[in-house]
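Work through the exercises below with the coordinates open. Each task is followed by its solution in steps.

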Amino acid sequence: PSPAALPGHLLRGLLPLLNVFYLERAEGAARRAGLSTQPIWRKLWDDVMKTRPPNSESVTCWRKKFLETFFSNVLHGVLDVSSDWRLNDHHFSPLLHSSQHVTQLTLCNMLQAVTELTAEHNQKVLENLSSSLQILKFRHLLSTDQSIRRALVVLLHRLIHHGSVSQVSMYSWPVPDTVLLVLILSMSAGYWCSGKVLPYRSSPCGLCREDRAQGQEPCHEEEHDKHQQAPQAEVNGHRADVPHGSAISLWRDGPSPNTLCEEGSGKASCDPPAGSSPHCPSQGLSCHPVLQKPRRRQKPAVGRRRRCPRRSRGTYDGQEDLYDFVFTVARENTSELHEHNVTEGENADNCPGSATGSPCSSSAGCKKRAGSAGTFSLKTAHRFRSISTLELFSIPLTEDACRTLSNLLSSWESLENLVLSYNGLGENVLCVVSGLRALCRRPRCRLRLLRLSDVFSHMPCMELVRCILSALPRLQTLSVSFDLKNHTEGNRPGGNPSCSETEIPESSLEQLEIRFPREPLHTALLLPVLRASRCLQQLSLDSAALPSPRELEHLLQALKEYNPNLKKLSFHDVNLADHQKEVLLLLQDPILQEITFSFCRLFENCTTEFLSEIINTVKRNSTLKSLKLPGNRLGNHRLVALADIFSEDSSSSLCQLDVSSNCIKPDGLLEFTKKLEGHIQQRGGRIKFTHLRLFQNWLDQDTETAQEALRRLRAVCSVVNDTWDSSQAFADYISVM
């Protein structure tokens with residue numbers, strides 16, 4: 001009989017004997033019988049995966065965790081299902097059975113898994129993924145052949161355009177393949193990429209055919225602008241007559257045999273002379289000039305097959321069309337989007353870093369270049385459903401790639417979160433900001449989060465922050481982080497004058513994070529940002545140098561005046577050893593709920609009086625709920641003293657305390673625990689303290705004492721710690737001194 005039909009007392013003994021397929025089917029019956037399968041799935045993980053998953057403490061469902069990882073490992077050939085009887089059953093397909101539990105999937109290397117997922121026998125697997133998959137990741141990608149790219153087009157079309165994927169993340173791609181990168185970006189943005197020979201109207205996608213049979217436009221975004229359904233469009237230099245309301249693929253097969261080649265308002269040959277540039281019939285119309293492939297890819301005119309209307313008789317080179325689209329997107333001038341916004345009655349404000357009125361006229365801007373007749377305009381491309389979160393980590397972006405991204409961003413209305421981390425943007429960051437500025441002008445723009453981080457900063461951090469906020473006043477979260485200053489930056493005394501003089505409109509900013517590349521923190525430069533951000537609730541300042549003793553005092557005055565709703569304030573790697581007065585002022589603030597002093601050398605010159613003042617200040621503060629003090633040389637005796645925060649006469653509401661990386665030893669932790677237990681007993685067990693973080697302390701020096709302290713602490717609150725080898729860490733520290 002089916003496990004679901006068994007009574008509860010028999011099911012309890014049977015569950016551990018089931019393979020993963022029957023165990024999954026018995027989940028509902030076990031739940032109805034009041035039985036939990038979590039211990040069985042956890043044991044399966046330990047036996048089969050043989051690894052400890054990251055953040056295992058936060059895993060809420062081991063069934064989902066196992067089946068999701070099981071799917072990925074089988075797909076990539078990492079796991080042999082015949083190696084364990086619990087994984088092998090000829091009645092079930094491993095991929096099909098586990099696919100419905102997959103919410104995130106990572107594709108890597110040469111994308112061999114893409115071919116497997118789009119194979120005919122895995123249609124049901126792909127259908128399940130289109131419903132369940134929310135996050136799609138690409139990691140360590142390599143160049144691929146055309147057949148895999150075509151399979152990738154099918155996969156992305158199904159999972160993004162017709163599916164539920166809302167986030168695409170790409171990681172660690174030192175030498176990105178331009179074609180592959182733009183393919184992923186453009187399809188994530190909702191553009192149709194038809195592959196080698198099939199135009200959109202001949203798409204093999206069954207869902208598209210069903211929609212067309214019902215007379216519906218297939219799955220396009222509601223935000224799709226009217227001008228994107230133009231009656232005509234340029235495709236590979238040809239004018240293709242298209243009925244009103246129809247869509248045009250980005251890699252469309254050639255035009256019909258009777259289509260004429262035109263450029264502007266006059267006829268031209270199918271291969272325009274090198275160096276010729278497109279032109280507008282009149283200044284009042286918006287043209288869409290697009291550059292061709294780089295010259296190194298252009299073939300000599302002699303002996304080259306001419307792209308004339310009759311070419312449909314032969315085979316079609318899809319690779320050429322892929323390159324056409326790559327450099328089309330990269331070189332479609334952002335100024336056209338700017339002109340479009342002006343015609344709609346919007347203000348034609350200058351781009352950050354620009355003094356000319358064009359969106360990107362600086363050296364880093366999305367400059368318009370001369371070239372032959374354009375191949376395709378994004379404004380005529382059909383838009384499907386697009387993702388809301390895009391993340392690019394450690395992927396170098398060239399000037400052309402930044403221009404491509406900028407143009408895609410300019411109309412990406414569904415985008416809510418953009419993360420660009422270690423992409424070597426340099427001055428091209430202004431080109432990306434220009435595309436976001438064009439996006440922000442759209443009434444349906446949803447962008448709320450922007451995170452930029454890199455090794456070198458092209459301009460001072462505060463200038464870039466001002467540029468971004470002047471362009472994107474509706475941002476709610478902004479994070480700007482740099483490791484080092486650009487070596488050439490010191491030669492520019494005024495930085496970027498246009499950015500530094502930019503007025504910041506009133507913004508919706510709620511969270512601001514700035515990591516300075518060892519720059520001095522001048523409150524005068526931060527002041528306009530704080531003044532414009534009245535809704536600010538979280539502020540984080542990292543690796544800033546305080547140029548004068550009164551700089552922190554000025555900052556606190558500005559926060560009190562302009563940001564009355566600030567709830568969380570964080571300082572990381574900022575030397576506060578000589579700012580004890582300001583530290584005490586912060587700890588007695590009646591509004592702040594979370595304060596972080598991380599690696600701020602807070603107790604470097606600490607006296608007994610200063611420590612007592614800190615404790616008494618926190619005891620009187622009924623608003624502060626979280627105090628984070630990692631890396632401040634707390635030591636044993638100061639940790640024990642902190643237990644007095646929870647004494648009987650305290651009115652503190654402190655719930656969370658972080659004392660990680662503070663040279664705490666087991667005997668000090670045990671003494672702190674005993675003192676805390678005494679205060680709790682005096683208060684009759686009434687205490688709000690719930691979380692203690694102890695990462696990277698010296699608890700391995702006396703394992704028995706540490707275990708006793710942790711056991712007694714866990715009876716009081718939730719304790720998070722790690723198995724840290726302090727001796728090895730000290731050796732590593734000495735080795736790099």
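**Exercise 1: ring contacts**

Ring pairs join Phe 21, Tyr 22 and Phe 92 into a cluster. The model is a predicted one.

Task: Find how many aromatic pairs there are, and classify the pair of Phe 571 and Phe 597.

Solution. 
1. The count comes to eight aromatic pairs.
2. For Phe 571 and Phe 597, the centre-to-centre value is 6.3 Å and the planes are 10° apart.
3. Pairing requires centres within 6.5 Å, and planes under 30 degrees apart count as stacked; this pair is therefore stacked.
4. Phe 571 belongs to strand β14 and Phe 597 to strand β15, 26 residues apart.
5. The cut-off for buried is under 20% relative accessible area, so Phe 571 at 2% is buried, and so is Phe 597 at 1%.

**Exercise 2: a pair between loops**

Task: Describe the geometry of the pair Phe 646 and Phe 689, and state which parts of the chain the pair ties together.

Solution. 
1. The pair is tilted, with 4.7 Å centre to centre and 35° between the planes.
2. Phe 646 lies in the loop between α22 and β17, and Phe 689 in the loop between α23 and β18, so the pair ties together parts 43 residues apart in sequence.
3. Both Phe 646 and Phe 689 are buried.

Definitions and conventions
Residues numbered from 1 in each chain as written. Predicted model: local features only at pLDDT ≥ 70, side-chain atom pairs only at ≥ 80, totals over all residues. Heavy atoms only, no water. Phe/Tyr/Trp six-rings, centres within 6.5 Å; stacked < 30°, edge-to-face > 60°. Helix = DSSP H or I, 4+ residues; strand = E, 2+ residues; numbered from the N terminus. Buried < 20%, exposed > 50% of the residue type's maximum accessible area, 1.4 Å probe, protein only.
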